[in-house]
Amino acid sequence: MPENLNLLRAFWGFFFIFWTAFNTALVDVVGSEQQIPLSVVKLWASAFGGEIKSIAAKYSGSQLLQKKYKEYEKDVAIEEIDGLQLVKKLAKNMEEMFHKKSEAVRRLVEAAEDAYLKHEFDADLQYEYFNAVLINERDEEGNYLELGKEFILVPNDHFNNLPVNISLSDVQVPTNMYNKDPAIVNGVYWSESLNKVFVDNFDRDPSLIWQYFGSAKGFFRQYPGIKWEPDENGVIAFDCRNRKWYIQAATSPKDVVILVDVSGSMKGLRLTIAKQTVSSILDTLGDDDFFNIIAYNEELHYVEPCLNGTLVQADRANKEHFREHLDKLFAKGIGMLDIALNEAFNMLNEFNHTGQGSICSQAIMLITDGAVDTYDTIFAKYNWPDRKVRIFTYLIGREAAFADNLKWMACANKGFFTQISTLADVQENVMEYLHVLSRPKVIDQEHDVVWTEAYIDSTLPQAQKLADDQGLVLMTTVAMPVFSKQNETRSKGILLGVVGTDVPVKELLKTIPKYKLGIHGYAFAITNNGYILTHPELRPLYEEGKKRRKPNYSSVDLSEVEWEDRDDVLRNAMVNRKTGKFSMEVKKTVDKGKRVLVMTNDYYYTDIKGTPFSLGVALSRGHGKYFFRGNVTVEEGLHDLEHPDVSLADEWSYCNTDLHPEHRQMTQLEAIKRYLTGKEPLLQCDKELIQEVLFDAVVSAPIEAYWTSLALNKSENSDKGVEVAFLGTRTGLSRINLFVGPEQLTNQDFLTAEDKENIFNADHFPLWYRRAAEQIPGSFVYSIPFSTETANKSNVVTASTAIQLLDDRKSPVVAAVGIQMKLEFFQRKFWTASRQCASLDGRCAISCDDEAINCYLIDNNGFILVSEDYRQTGFFFGEVEGAVMNKLLAMGSFKRFLVEFNLCSWWHSDLTAKAQRLKQTLEPCDTEYPAFVSERTIKETTGNIACDDCFKSFVIQQIPSSNLFMVVVDNECFCDSIPPITMAPIEIRYILLFAN
């Protein structure tokens, strides 16, 4: 028994030692887990939420405005928007506007052709014209230079105050051309008759801007006249014949194979000239053309090996890619032209059968220093007798030994021969082929109207000077070819040039009533190639990191901005000019791309008659599909529009102030007042929009007195934490009230023209309005404005809420109100709330002041508004607490969205017919930007994270009536092994396989 007892004692002794050791080990692992009581965090969140909502509601006047709209509830009519009817009406409006521009161009064509018909060429003609470079230039003695006499230039508000002459045009001649060449002087002389038509067109349609005639001889006549300045090297490289509008109007769509001789005899300067010739040919190809380049010696070398045996679209990106590969060509070996010709004919024939490309207009461009044969057997096999493929031959070098063979090849195949001896000869000699390809159109007198997609021609002086706050001005051009009607030349098909006029995209937007499209709705138009004419996303997104959709704006495809349409259902329907409806979930980035709004859009589309364009309208589901009409008297509305705090969206067309010069200085508010009082009977105004503006002015008028009473009450806002209150309505009406002096504002740019995202624009509502509309009614959305700098330097917080007419989802959002307050004031309220506790003795078991925890306030996109480390303000929470953010994503509290941009694709693979053999290549990438959104149904969450040697606990609690969350995190367990979650872009590359 004693032995058993001793054994028992030994056992319990051992067990005690074991238990102590185990318990100590357990403490090592678990003891560092900080227990954060959910009830306390909920108390803090509730206290802060109540306090900050009280402030936001009080100073914004949201409850007053909601009450005022409710009072009119019985007097308004709510309508569901008929998307198809709306898009058809807008298309009709655009058709009328486009027709006016087309008619202006047609009058120029008729005047130019009549003037040339009456003109007789005079090789000795002496004529002093206004040279755009030399005008108003004097020599050292003070005398005007030849071709540079006095040309009166006056700043004109319609042309952004550029100095212009609205009575006369002037003429630009490329630097590499002689400005007194007889062909140029004669062309300038007979085209002087266009001045009267330029002025008449401008009188008929004062919304016109630049009109011009681009001559086939190379000179460019422009109205109104403007001074051109050479670059730092004294050169003006602009040649109108290289511009997209000229190429599209002068020629039909074409398929082109360029053959470049890289045999040993092409070494040195000849190969350099050959490469420049190829580059110049590429300049003359447009989006309707298809091409490929083959270098040849005893073998064939596709300049882009991935694209052998096919043609690709000649858009800007593809052409630039091929140019880069030209530098890799070098000369060696023997030139076997017969192999190259066989390959070119086979390629054109097979591409023709795919149904892509031009189908009827095809050409082979041969660039070589000689041909030992005429290769008539090859032409007989592939091209005779129909001669459907034209052959253009470019003889490189001064030797003429093989010129006869090359001339014969060109003439026997309805082409053209030219010899290029120096680099200076390249440009002019390449242009000759355009005249040949234009002959069918000239002979048939096909005056087709051509419209380009949206582009920026930064080579023009007005493009460089007309830059607005968004950068260079986007425009489209309507152009038409000018032909010789002289009997002796008609059969030869002589192209005289192309006339055109520019239409800024802003002009198109004026035909679109933004107020009928809802808060997130928009209209867009594309060409029959799928390229964008106008779209809200066709603009610089943001400067930070240079994240732009395109380095230029030419040839941006609809699929690059409506990228969720993976199967191109919407794009293809619009390209095929159909009328219909399409729906999809979309993710729209806002706030410099850092936030995302997820919604379902209904798209309605139809064609614009008389143009190659199709128009689309996107309406967001829910409140975006409803519109309401209110009614007040003109007298009531005018009275309340007179308030000094009222402003209207500058870029919206309440009245068309462009039609008459005397109206151009008017603001939209002034125009409405003069229109309603009958003082300006010539003003054309949108009666429906003005009626709704009057209604909003009356309903929102009481808030001015409310704000004023707050500002005058010295006991209110004594620390001046709230600085601005603001209001916006669905009609573009805004009211602003300052609670501090203008010089005391922390954010001087807020709600000014410089703050583009926070004011009403032609294509979007203010950011604070759009975000408030997606919040639960009655709640506020809070955010810190993002700086374009690397580090966020914002010192303010914006709060806004939406005002709905009814209490259901079918109610339109009629307005939004908000305030902007100092960040320091906002954060102080947070820290005060986070020190509260429910204990009777006032001693709190836990506080945000404790070193053991970190407290954060984040928004629904994961950005930090409050942190104990002030420097973290504005950062993404995942960068600071990667382990916690990772857990929140895993638990479904936050969702990650990848917003895709096609930033670097150079080759549209769907436009490629085939490749001859299996080949693996990279199609340059898509770039996806992550964005994060909280799950609305989750109000509170607790969690533990297993780290290296501890468990990290956290609590996340939603702030009531807001988009905010309080996050309290254990600060004693470090999770360094879990990397931060960033918003860095993700580049995605696709492996494409080409089969036989």
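This is a predicted model: local features need pLDDT of at least 70, side-chain atom pairs count only at pLDDT 80 or more; totals for chains, interfaces and linings use all residues.
Residues are numbered from 1 along each chain as its sequence is written, and side-chain values use heavy atoms, with hydrogens and water left out.

Let me start with the peptide bonds. Tyr223 and Pro224 are joined by a cis peptide bond, with omega at about -5°, and Pro224 sits in the loop that runs between β6 (220-223) and α7 (244-250); helices here are DSSP runs of H or I with at least four residues, strands are runs of E with at least two, and both are numbered from the N terminus. A cis peptide bond also links Trp384 to Pro385, where omega is about 0°, and Pro385 belongs to the loop between α11 (376-382) and β12 (389-396).

Now to phi. Leu147, although not a glycine, has a positive phi of about 65°, and this residue is found in the loop between α4 (83-118) and β2 (154-156). Leu147 is buried, at a relative accessible area of 1%, where buried means under 20% relative accessible area, computed with a 1.4 Å probe on protein chains only. Leu751, likewise not a glycine, has a positive phi of about 65°; Leu751 lies in the loop between β27 (733-738) and α22 (767-773), and with 17% relative accessibility, Leu751 counts as buried.

Notes
Buried means under 20% relative accessible area, exposed over 50%, partly exposed in between (1.4 Å probe, protein chains only).
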